Amino acid sequence: MIKNEELEAILETIDLREEAPADEPMRQYYFIKKARGIVDAESERLGRRLTADGETFGCQMNAKDSEKLIGILENIGFEMIEDESADLVFYNTCTVRDNANQRVYGRLGFVHNMKKKAPHKKIALCGCMMQEPSVIEKIQKS
């Protein structure tokens, strides 16, 4: 794992006016720097740091993936909080148990109502649940 000082030194060398590198991990660093600019601009517009909240529905692999997502979000400037009123809410989902699916649908309804009051709010879904066409269709319809 790369240390913060090393990451900052690498990001200093990246020129966003150039095309994204083709090779990893420089391509990832390029997009981290680009995302930081977007997060910084929105934070400035709102007059506060952007917040994010993530919830895992599923297996240990999903939990590990959520940890990685949280690390990325922190690197690009989000403050992680445990509150679905955050500017960005992500659900990392699993399809093994129908109970988990139903909980995700319930949470989506709840945060969708919050988004009506805060249009800048982003809601993200990831994980194996989002790989099922029937699930995607159901979410798009509702």
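The paragraphs below lead through this predicted model from the chain as a whole to its sheet, its helices and a few individual residues.

The model is predicted, so that local features need a pLDDT of at least 70 and side-chain atom pairs count only at pLDDT 80 or more, while totals for chains, interfaces and linings use all residues. Residues are numbered from 1 along each chain as its sequence is written, and side-chain values use heavy atoms, with hydrogens and water left out.

The chain has 5 helices and 4 strands, where helices (H or I, at least four residues) and strands (E, at least two) are DSSP runs numbered from the N terminus. Along the sequence these elements follow the pattern α-α-β-α-β-β-α-β-α. The C-alpha atoms fill a box of roughly 45 × 35 × 25 Å, taken along the principal axes. Of the 142 residues, 27% count as buried, a term that means under 20% relative accessible area, with exposed meaning over 50% and partly exposed lying in between (1.4 Å probe, protein chains only). Contact here means heavy atoms within 4.5 Å, and among contacts between residues at least 6 apart in sequence, 65% join residues at least 24 apart.

The strands form an open sheet of 4 strands in the order β2-β1-β3-β4, with parallel pairing; two strands pair if DSSP finds at least two bridges between them. Its edge strands are β2 (79-80) and β4 (122-127), each of which pairs on one side only. Strand β1 (residues 51-56) pairs with strand β3 (residues 88-93) in the parallel sense over 5 bridges, and glycine 54 stands opposite phenylalanine 90 in β3. Helix α3 (residues 60-75) lies across β1, β2, β3 and β4 and runs at about 160 degrees to β3, with axes taken as lines fitted to C-alpha atoms, for helices over the stretch in contact, and angles running from 0 to 180 degrees between N-to-C directions.

Asparagine 92 is found in strand β3, and it counts as buried because its relative accessibility is 2%. A polar atom of its side chain lies 2.9 Å from the backbone oxygen of asparagine 62. The side chains of asparagine 92 and serine 66 are joined by a polar contact of 3.1 Å, that is, a pair of N or O atoms within 3.5 Å, of which, within protein, one must be able to donate a hydrogen and the other to accept it, residues adjacent in sequence counting only if both atoms are side-chain atoms. Leaving aside neighbours within four places in sequence, the contacts of asparagine 92 include Glu55, Thr56, Asp65 and Cys126.

Helix α2 (residues 26-46) has 21 residues and reaches 30 Å from its first C-alpha to its last, close to the 30 Å expected at 1.5 Å a residue, the expected span being 1.5 Å times one less than the number of residues. Its buried residues are Tyr29, Tyr30, Ile32, Arg36, Val39 and Ser43, and they pack against α1 (4-12) and α3. Serine 43 counts as buried because its relative accessibility is 12%; not counting residues up to four places away in sequence, serine 43 touches Arg48, Arg49 and Leu50. Helix α2 is followed by glycine 47, whose phi is positive, near 75 degrees.
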